[in-house]
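Please consult the sequence and the structure shown here alongside the points below.

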Amino acid sequence: SRGKSDPTDAENAARAVLSGRATAIPKKQSGAAEAMRAVSVARRSAVKAKTQAINQLRGLLVSAPQEIRDRLLKTKTAECVEGCARLRSLGKTPILQTLTATLRILAKRWLALAEELRELDSMLEN
């Protein structure tokens, strides 16, 4: 007679458990749904990390010297990543050497995460 209420339902459930009247059996975590949930958790994490990697890479390129920006900052993400992954040297100064290494690392991270996503997607399809 009190109507639907989450706090009321929670209190009633807690009282039933404490009194021993609750007889619900928890779901087993061995089915296909649980397997898909586990893969989905990993997939969401990989998507988030891949997005962070490209955002960081593009952020570095935006603040890089104009000639580097013109050479590496591409509209298509895959082209931008490929160019940065193949970098050898942007110059001899410490900042350009560090920028080279950082861009290459971020690009390789993005590529590794893209491969991970392909694997996870194939697991979800099967």
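The model is a predicted one. Its largest nonpolar core has 20 residues, and α5 supplies the largest share of them, with 7 residues.

**Nonpolar cores**

- Within the largest nonpolar core, the residues that touch the most other members are Leu 57, Leu 61, Ile 68, Leu 72, Leu 90 and Leu 103.
- Two or more residues of this core come from each of α2 (32-62), α3 (66-72), α4 (77-85) and α5 (94-125).
- Once neighbours within four places in sequence are set aside, Leu 103 has contacts with Leu 57, Leu 60, Leu 61, Leu 72, Cys 84, Leu 87 and Leu 90.
- A separate core of 5 residues lies apart from the largest one, and its members include Ala 46, Leu 113, Leu 117 and Leu 120.
- As general background, nonpolar side chains in soluble globular proteins tend to be buried together.

**Packing of α4 against α5**

- The axes of α4 and α5 are 7 Å apart, and the two helices pack at an angle of about 130 degrees.
- α4 and α5 are therefore oblique to each other, and α4 passes α5 in a left-handed crossing.
- On the α4 side, the contact involves Thr 77, Val 81, Glu 82, Cys 84 and Ala 85.
- On the α5 side, the contact involves Leu 103, Arg 104, Ala 107, Lys 108, Trp 110 and Leu 111.
- The residues of this contact comprise 7 nonpolar, 1 polar and 3 charged.

Note on methods. Residues are numbered from 1 along each chain as its sequence is written. This is a predicted model: local features need pLDDT of at least 70, side-chain atom pairs count only at pLDDT 80 or more; totals for chains, interfaces and linings use all residues. Side-chain values use heavy atoms; hydrogens and water are left out. A nonpolar core is a set of buried Ala, Val, Leu, Ile, Met, Phe, Trp, Tyr and Cys residues joined through side-chain atoms within 4.5 Å. Buried means under 20% relative accessible area, exposed over 50%, partly exposed in between (1.4 Å probe, protein chains only). Helices (H or I, at least four residues) and strands (E, at least two) are DSSP runs, numbered from the N terminus. Contact means heavy atoms within 4.5 Å. Axes are lines fitted to C-alpha atoms, for helices over the stretch in contact, and angles run from 0 to 180 degrees between N-to-C directions. Angles under 35 degrees count as roughly parallel, over 145 as roughly antiparallel, 65 to 115 as roughly perpendicular and the rest as oblique. A crossing is left-handed if the near helix is turned anticlockwise from the far one by less than a right angle, and right-handed if clockwise. Ala, Val, Leu, Ile, Met, Phe, Trp, Tyr, Cys and Pro count as nonpolar, Asp, Glu, Lys and Arg as charged, and the others, Gly among them, as polar.
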